[in-house]
Amino acid sequence: MALPLLRCCSCNRPVSILTRFLTSKPFLATQSRRLGPVASAVSDARQYSSDSERRRHEQKQKVVVVGIPNPFIWFRTRIYFFLIRAYFDKEFSIEEFTEGAKQAFSHVSRLLSQCQFEALEGLVAKDLIGKLEEKCAQLPVSHQRALSAESDEIMYTTTGDVGIYYDDSGRKYVSILMRFWYLTSARLPDESVEGAKIFQVVIGGEGERPETKRLLTANYEFQREFTQGVIPDWIITRIEHSKLLD
């Protein structure tokens, strides 16, 4: 019996850069450095001064966003992740998927802000690209710039919803909705984006004018067909930027 709300997509697409984002394991290597004895008090003072300036600089730039997930949604998505590993992809990891989704979100949002719609082919569903092109054409330049999310400006990421679908011919689909909170320094009128949180972030030395940044939200839905014989290919089937692209 077919489940409702099936979103169909074309088959036999070549493996895209989006698939590589979502299937490659992120390389997160951190090395600890041990400082040997310092030869002189001058070296100590220079090291202390350098470290103090670095810590002050990091404190000025650091913005922490804490999200509290809905317990019901969290539990439901974990059940779906178990089903995906059990019946579709034994190596599926939501942690690795989330890292890949963040990279894909940053890449696609940058292309959107630059109106490079041809570059979205293979990353975004074809019918969605046409709709995005129409919506972006109506946005002022400031709003287009606000669509772009740099990787280091993504403050919080969470899973919004997960779906598993079958159609009448037995084709199998998995969709994962990801929600992103990101900062932008694009100049937007205060009344243009409702619900956007505003931060004053100091960039540079003391006495400099603080830079205004807004915390915006975006929803991106990733879909993949798991039918046997179909090339594994994640594609974005839904893009929403709050009050920018609804």
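The points below go through the core, the strands, a surface patch and the cysteines.

1. Ground rules. This is a predicted model, in which local features need pLDDT of at least 70 and side-chain atom pairs count only at pLDDT 80 or more, while totals for chains, interfaces and linings use all residues. Residues are numbered from 1 along each chain as its sequence is written, and side-chain values use heavy atoms, with hydrogens and water left out.

2. The core. The largest nonpolar core holds 45 residues. Such a core is a set of buried Ala, Val, Leu, Ile, Met, Phe, Trp, Tyr and Cys residues joined through side-chain atoms within 4.5 Å; buried means under 20% relative accessible area, exposed over 50%, and partly exposed in between (1.4 Å probe, protein chains only). Phe 97, Leu 112, Val 124, Tyr 220, Phe 222 and Ile 239 have the most contacts inside this core. Among the elements giving two or more residues are H3, helix H5 (126-137) and strand E5 (234-241), but helix H4 gives the most, with eight. Helices (H or I, at least four residues) and strands (E, at least two) are DSSP runs, numbered from the N terminus.

3. The hairpin. Strands E1 (residues 154-166) and E2 (residues 172-184) pair in the antiparallel sense over 11 bridges; pairing requires that DSSP finds at least two bridges between two strands. Five residues separate E1 and E2 in this hairpin, and Gly 170 in the turn has a positive phi of about 90°. Look also for Tyr 165, which stands opposite Tyr 173 in E2.

4. Leu 216. This residue sits in strand E4 and is buried, at 3% relative accessibility. Leu 216 and Tyr 182 are 34 residues apart in sequence, yet their C-alpha atoms are 5.5 Å apart in space.

5. A surface patch. Which residues form a nonpolar patch on the surface? They are Trp 74, Phe 75 and Ile 79, with about 330 Å² of accessible area together (Shrake-Rupley method, 1.4 Å probe, only the protein chains shown counting as cover for residues). Ile 79 lies in helix H3 (residues 71-87) and is partly exposed, at 40% relative accessible area.

6. The cysteines. Taking a disulfide as a pair of cysteine sulfur atoms within 2.5 Å, the count is zero. Cys 115 is partly exposed, with a relative accessible area of 31%, whereas Cys 136 is buried at 0%.

Conventions:
Patch = residues over 30% accessible without salt bridge, like charges linked within 9 Å, V, L, I, M, F, W, Y side chains within 5 Å. Salt bridge = Lys/Arg side-chain N within 4 Å of Asp/Glu carboxyl O.
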